[in-house]
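Let's go through this one as a set of questions and answers. Have a look at the fold first, then read on.

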Number of protein chains: 2
Amino acid sequence: MAYQPPVRDYTFLLRDVLDIEKHANLPGFADASMDVVEQILDGAAAFTSEVLAPLNSVGDKQGCKWSPDNTVKTPDGFKAAYDQMVEAGWLGLSSDPAWGGQGLPRVLSLAYNEMSSSANMAFSMYPGLTHGASEAINYGASEELKQRYLPKMVAGTWTGTMNLTEPQCGTDLGMLRTKAVPQADGTYRITGQKIWISGGEHDLAENIVHLVLARIEGAPAGVKGISLFIVPKFLPKDDGTPGERNSLVCAGLEEKMGIHGNATCVMAYDDAKGWLVGEENAGLKIMFVMMNEARLGVGLQGVAQGEAAYQAAAAFAKDRIQGRSLTGPKNPDGPADPIIVHPDVRRMLLDSKAVIEGGRAFLFWTALHGDLAHSHPDEAVRQKAQDYMGLMTPVLKGYLTDKGFKACVDGMQVHGGSGFTEHFPASQYLRDCRIALIYEGTNGVQALDLVGRKLAANGGRAVMSFFAEIDGFLAENEGNAQLKPYLDGLAGVKAQLQEATFWLMQNGLSNPDNAGAASTDYMHLFGLTGLSYMWALMAKTAQAKIDGGDADPFYAGKLTTGRYFLERILPDAGAHLTKLKAGSDAIMSPPVESF
Amino acid sequence: MAYQPPVRDYTFLLRDVLDIEKHANLPGFADASMDVVEQILDGAAAFTSEVLAPLNSVGDKQGCKWSPDNTVKTPDGFKAAYDQMVEAGWLGLSSDPAWGGQGLPRVLSLAYNEMSSSANMAFSMYPGLTHGASEAINYGASEELKQRYLPKMVAGTWTGTMNLTEPQCGTDLGMLRTKAVPQADGTYRITGQKIWISGGEHDLAENIVHLVLARIEGAPAGVKGISLFIVPKFLPKDDGTPGERNSLVCAGLEEKMGIHGNATCVMAYDDAKGWLVGEENAGLKIMFVMMNEARLGVGLQGVAQGEAAYQAAAAFAKDRIQGRSLTGPKNPDGPADPIIVHPDVRRMLLDSKAVIEGGRAFLFWTALHGDLAHSHPDEAVRQKAQDYMGLMTPVLKGYLTDKGFKACVDGMQVHGGSGFTEHFPASQYLRDCRIALIYEGTNGVQALDLVGRKLAANGGRAVMSFFAEIDGFLAENEGNAQLKPYLDGLAGVKAQLQEATFWLMQNGLSNPDNAGAASTDYMHLFGLTGLSYMWALMAKTAQAKIDGGDADPFYAGKLTTGRYFLERILPDAGAHLTKLKAGSDAIMSPPVESF
């Protein structure tokens, strides 16, 4: 069975759980009544499942082809699909209307992005990075640069990239060497080599806008001397159309385990013409606008690949007959039962389903805070929302890609031997998803960002605010007997996260290695807390629907999946707490030679 | 850095922990004094690391090539390496001297098999399956068939395969359709299609001996009507050399995610000539001799791929400089520190190391019981050893491949973006290892075999005997202050496993779905118990060496890795127990349509 966008889950989240219509006073939300939202979701579902999904396997098998003339050919069908996407305006769903966007809430574009990524992750990275690059330009560039680039990028007729990594530096950008030489006309000449540049070259759009980190001659060493430049493939003419070819080329493509349909380029800049974005030596801050957007997007990819892998596994488990139920035949007229009768097969499916649905809610809830941070009139609301965005971004990226990958691994396992063959989609989902744990900062880097930066920011304001919100929810619902298992689970894991947070405060400052050693377990404990809160919110909403007489089995399904989460996933929280409280001795004491 | 066989760990296990020399009274062991063992290990290390390892990536990139004349070409270099292996006699290390084997202890061939699999998993499957097939023939075939086939297979001049799976049946062999028609001369004509046949066709050896499950005309339906046949590619002439081509062909190869160097064949039998092995309708029992051997071998593949992935990751982490230690520069003269200074990188490496070394000990300990079961003069010892083999086989297969795969995933993660490219070996280790969780019975099938069959066999004699052995060890070492953390850890997890076992007895019989829902968590809890016992044994041995004045840092290293296991891996046991005691309601109640 081909990928089916989970539109029902989107409407549940947007209408029932998050109730986006109550924000109708905010810019963009006024135009996002639920009937409009449902139309958009249906249109997005049709486009992604009918146009993008059939190209997913084509992209995997053909890959991108580099030619010695430094051009790159994307897989068959990608160009036509890209044109359709541009034509329909999917790229600008939540972009600023000043640049041609539709200005709808970001939480809505999240739904589109998930569908697009489930249907075809490699394809979706081209518009995904374009959107991130346009956000960075919108945040940091001069009005003139915005005017020149943003309308093209929001429409998608030009794409964007982010150029950070060089062979000697990835995580540690202080070692970056690409240089920028100021010119008399105010532009710069950029020279250097960048690697792993997604969409660095392709045949989808008429121009490619590279955002490049480089060091202006004479700049301070380390991260304080890094500036950001726009370096377009074709220099825009005065009329805005692409003109002269800039002196930069794609020198080759990486061979990699997955996302074959996306061109991962080695980029060589040789005195290429570039324009400074923002101030000199202040490039990292602007690039981090793009990076943070990208990190949320990668967390979404984890959920998206997990969803697609889950759907394929569930369809296989309903179709494949093999063996009999442990409690007697369920398909007595057939030669065997479908394997979905087996508890261990269901365990794998529900492990995926519970994390995907909880993770999707966590992403949507956070993205709604992104909208509030952007446009809510009350400064206190904006600040809290901004705090949450900062705090949750590493959790969503790290935890949800770890769990999305697990869903892909389990999805293959449900298939048995068929899953290991390339005739079924399980292998591609697993291979594509694997990069999400690595790029835009490895999950270990996310965990360090969480414990080393995000927790401590503003005296711990963000996490305290999150704890207070959970306490408020628990108090508000105290005595609700139907919700009791969810409230107990949430109260328990919140207490564990709080204990871990205090442990970090006491032990991480005196010995930073304790914080480093605890970081990944802490991130997972945080993820479990976030999902427990989401499952409590969803259960409350579903229960209210049932109590109100709504017979849609969707709501009963939410309650059983939530129960599975409490019984079979949440118990990991205690193990994470025990592990992180063990400290760093056993980790740091072995000498390097012993590895 | 290329793969380095862990010979030091083998000698520690064989000499110090298991003390194989004390079994010198048993057949084979007399010839296995530690100096002989060390010579063999060194030779095996040289062959596997110098001949097989360099071909690993070649095999991955080239794969096997099928031609329309139904021949299969293995990757460049495989044939020459295979000839070298046959020449050196590696295949027959522990085979019966009656058929040309060297008759050495099986525990020693385990070390060879691990090195071979780490160096080149796809290659190693050709001799691996040949060995399994020869064991099945040795167990079940007539003297005449043994005489005709075993000398060739033990030498490796002929290879072997196992043909179980058909398109409509894998796990559920009762649905098998391949038919066998008796002939007047006592042979059979075999017709049918088999899929996923590893090594079903290749250019490495002069003949291929297919062990084929088929249904004799008129046999009972289901698993009670399955017989086993030898169906050679070339019919042996009276002088024992390959003669006429049998009417069977490889109709194509599977495209798959990994093990590209191994030919995974679709086999078409069309009135092919076959010889019955053992009795009519009793083929499954004989095939299970091969299957059980193969399951242990697959558990070993998990450890082997994990070891290779770990080594590559550790080498990368020592070499790659990026960022600074959280506690100040450790490489102040360089532009950054090697990433092995970071606690989270060490966490991933130690997670792998602790499970691999513990898992290797568990495999060797079990394999030694295999030797005892085979040749110990005391029937009680043989029976206990046989019980352990049965009980531990699904645990070793399921738990160690799950954990070996995790080591491959973490190994890639340590590499960052480099790991996702095919320039580094991390991707191949991950892709190759993935099949180990699936073939020879998925890990879910192993878990069901454990809780449904092995636990209950003989009134639970095997598991009770294991508990008693652990209790004995704990009593014997009570009061040993140095060992206290290991003893406490072992006592705790043993109590948890016992509680889980009682829970299964109480709840699994009344509702088999409870057993099914608990099975994978139970298998992991069992694996953690086994590893806790192994770490206690290894710690005791290492501590005794240190106390005896041995300054080899290897022993201190064992103690810190063991401590890591206790602090950072063992806490998962509690989560497994909590999950499995939740029962099957949340798993079984969702209707099929809700997935």
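**Domains, helix pairs and the interface**

Q: What are the helix and strand percentages of residues 162-271 of chain A, and how far apart are the end C-alpha atoms?
A: Keep in mind that this is a predicted model. UniProt, in an unreviewed entry, lists this span as "domain: Acyl-CoA oxidase/dehydrogenase middle". Its end C-alpha atoms sit 18 Å apart, and the makeup is 0% helix and 49% strand.

Q: And what about residues 281-450 of chain A: how far apart are the end C-alpha atoms, and what are the helix and strand percentages?
A: The UniProt record, again an unreviewed entry, puts "domain: Acyl-CoA dehydrogenase/oxidase C-terminal" here. The end C-alpha atoms are 25 Å apart, with the chain at 75% helix and 0% strand.

Q: Are α15(A) and α18(A) roughly parallel or oblique?
A: Take helix α15 (residues 484-508) and helix α18 (residues 572-580), both of chain A: their axes come within 10 Å and cross at roughly 10°. Angles under 35 degrees count as roughly parallel. So α15(A) and α18(A) are roughly parallel.

Q: Is the crossing of α15(A) and α18(A) left-handed or right-handed, and how do the contact residues split by class?
A: The crossing is left-handed. On the α15(A) side you'll find V493(A), Q496(A), E499(A), A500(A) and W503(A), which meet A573(A), G574(A), L577(A) and L580(A) of α18(A). By class, that contact has six nonpolar, two polar and one charged residues.

Q: Over in chain B, are α5(B) and α8(B) roughly parallel or oblique?
A: Helix α5 (residues 106-119) and helix α8 (residues 283-319) of chain B have axes that come within 8 Å and cross at roughly 50°. That angle is why α5(B) and α8(B) count as oblique.

Q: Which handedness does the crossing of α5(B) and α8(B) have, and how do its contact residues divide?
A: This crossing is right-handed. From α5(B), L110(B), N113(B), E114(B), S117(B) and S118(B) meet a set in α8(B) including L300(B), Q301(B) and E307(B). The contact residues divide into five nonpolar, five polar and two charged.

Q: How much area do chain A and chain B bury, and which residues of chain A lose the most to chain B?
A: On each side, 88 residues are in contact with the partner chain. Together the chains bury about 7700 Å², 62% of it on carbon and sulfur atoms. In chain A, 12% of what that side buries comes from the residues that lose the most area: F420(A), R568(A) and F595(A).

Terms used. Residues are numbered from 1 along each chain as its sequence is written. Chains are lettered from A and ligands numbered from 1 in the order in which they are written. This is a predicted model: local features need pLDDT of at least 70, side-chain atom pairs count only at pLDDT 80 or more; totals for chains, interfaces and linings use all residues. Side-chain values use heavy atoms; hydrogens and water are left out. Axes are lines fitted to C-alpha atoms, for helices over the stretch in contact, and angles run from 0 to 180 degrees between N-to-C directions. Helices (H or I, at least four residues) and strands (E, at least two) are DSSP runs, numbered from the N terminus. Angles under 35 degrees count as roughly parallel, over 145 as roughly antiparallel, 65 to 115 as roughly perpendicular and the rest as oblique. A crossing is left-handed if the near helix is turned anticlockwise from the far one by less than a right angle, and right-handed if clockwise. Contact means heavy atoms within 4.5 Å. Ala, Val, Leu, Ile, Met, Phe, Trp, Tyr, Cys and Pro count as nonpolar, Asp, Glu, Lys and Arg as charged, and the others, Gly among them, as polar. UniProt positions are given in the numbering used here, feature names are shortened, and annotations may be inferred rather than shown by experiment. Buried area is the accessible area (1.4 Å probe) that two parts lose on being put together, summed over both.
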